[in-house]
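User: Hi! Could you walk me through this one with me? I'd like to start with the charged pairs.
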Amino acid sequence: MTNTKDNKVEEVKESEEISKAFAAVAGVRKEVDKLSERIAALEVAVNSGTKVTDEEFVVPAELLMRELLKLDGIGAEGEARLQRKAEVRRIQKYHETLDKLNTINSNPFSDKHKAVSVTTNWETFDS
C-alpha cells in the first residue's frame, strides 16, 4: 500500500513540474510575441527606407537573449521540452531577422533610389 501511495505522490510531483514548465514556456512565448511586434515594426521601417538608430536593434536583441536564457533555465520533459525547443528556434529566427535588418539599415547603399553607380572605362594599350 505504501508503494502505491509513493507512486501517486511521485506522479503528482511530475505533473506539477510539467505544469510549471508549460507555464514558464508560455510566459516566455508571451514576451516573445510582444517583441515580435516590435521587430515587425522595425522591418516595415527599414524596408521603407527609414533609417533607424542602432539602439532600436540592440534593445530587442538583448531582450530576446534574456528570454533565451529563461528558456535555458527551464527543466522540461516530453511535450514541454518540445515546446521549449520550438520557442528557442523562434527566438533564434527573430534574432537573425534583427541582424539582417541592422545590416540593411547600416548599409549606405541600401536605398537604391539614392545610390550612385560608379563604372570605370579602363584605357587599354596595345603592346
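This is a predicted model: local features need pLDDT of at least 70, side-chain atom pairs count only at pLDDT 80 or more; totals for chains, interfaces and linings use all residues.
User: Where do R90 and E87 lie, and how many residues apart are they?
Analyst: Both R90 and E87 are in helix α3, 3 residues apart, which is about one turn of the helix. Helices here are DSSP runs of H or I with at least four residues, numbered from the N terminus. Residues are numbered from 1 along each chain as its sequence is written, and side-chain values use heavy atoms, with hydrogens and water left out.

User: Got it. How far apart are the closest N and O atoms of R90 and E87?
Analyst: They are 2.6 Å apart, and the two residues form a salt bridge. The term stands for a side-chain nitrogen of Lys or Arg within 4 Å of a carboxyl oxygen of Asp or Glu.

User: And are R90 and E87 buried or exposed?
Analyst: R90 and E87 are both buried. Buried is under 20% relative accessible area, exposed is over 50%, and partly exposed is in between (1.4 Å probe, protein chains only). For E87 the relative accessibility is 3%.

User: What else does E87 form a salt bridge with?
Analyst: R29, with the closest N and O atoms 3.4 Å apart. R29 belongs to helix α1 and E87 to helix α3 (residues 79-106), so this pair ties together parts 58 residues apart in sequence. R29 itself is partly exposed, at 29% relative accessible area.

User: How many salt bridges are there in the whole structure?
Analyst: A search finds 5. One of them pairs E31 with K34, again with 3.4 Å between the closest N and O atoms. E31 and K34 sit 3 residues apart in helix α1, so about one helical turn separates them. E31 is partly exposed at 30%, and K34 is partly exposed at 47%.

User: Switching topic: at what angle do α2 and α3 pack?
Analyst: About 165 degrees, with their axes 10 Å apart. Axes are lines fitted to C-alpha atoms over the stretch in contact, and angles run from 0 to 180 degrees between N-to-C directions. That makes α2 roughly antiparallel to α3, a label for angles over 145 degrees.

User: Which residues make the contact?
Analyst: Among them are F57, L64 and L68 of α2, and V88, I91 and L98 of α3. Contact means heavy atoms within 4.5 Å. E87 of α3 takes part as well.

User: Last one: where is confidence highest?
Analyst: In helix α2 (residues 55-72), at a mean pLDDT of 96; pLDDT is the predictor's confidence in each residue, from 0 to 100. The protein chain averages 86, and 80% of the residues score at least 70.

How values were computed
Helices (H or I, at least four residues) and strands (E, at least two) are DSSP runs, numbered from the N terminus. Angles under 35 degrees count as roughly parallel, over 145 as roughly antiparallel, 65 to 115 as roughly perpendicular and the rest as oblique.
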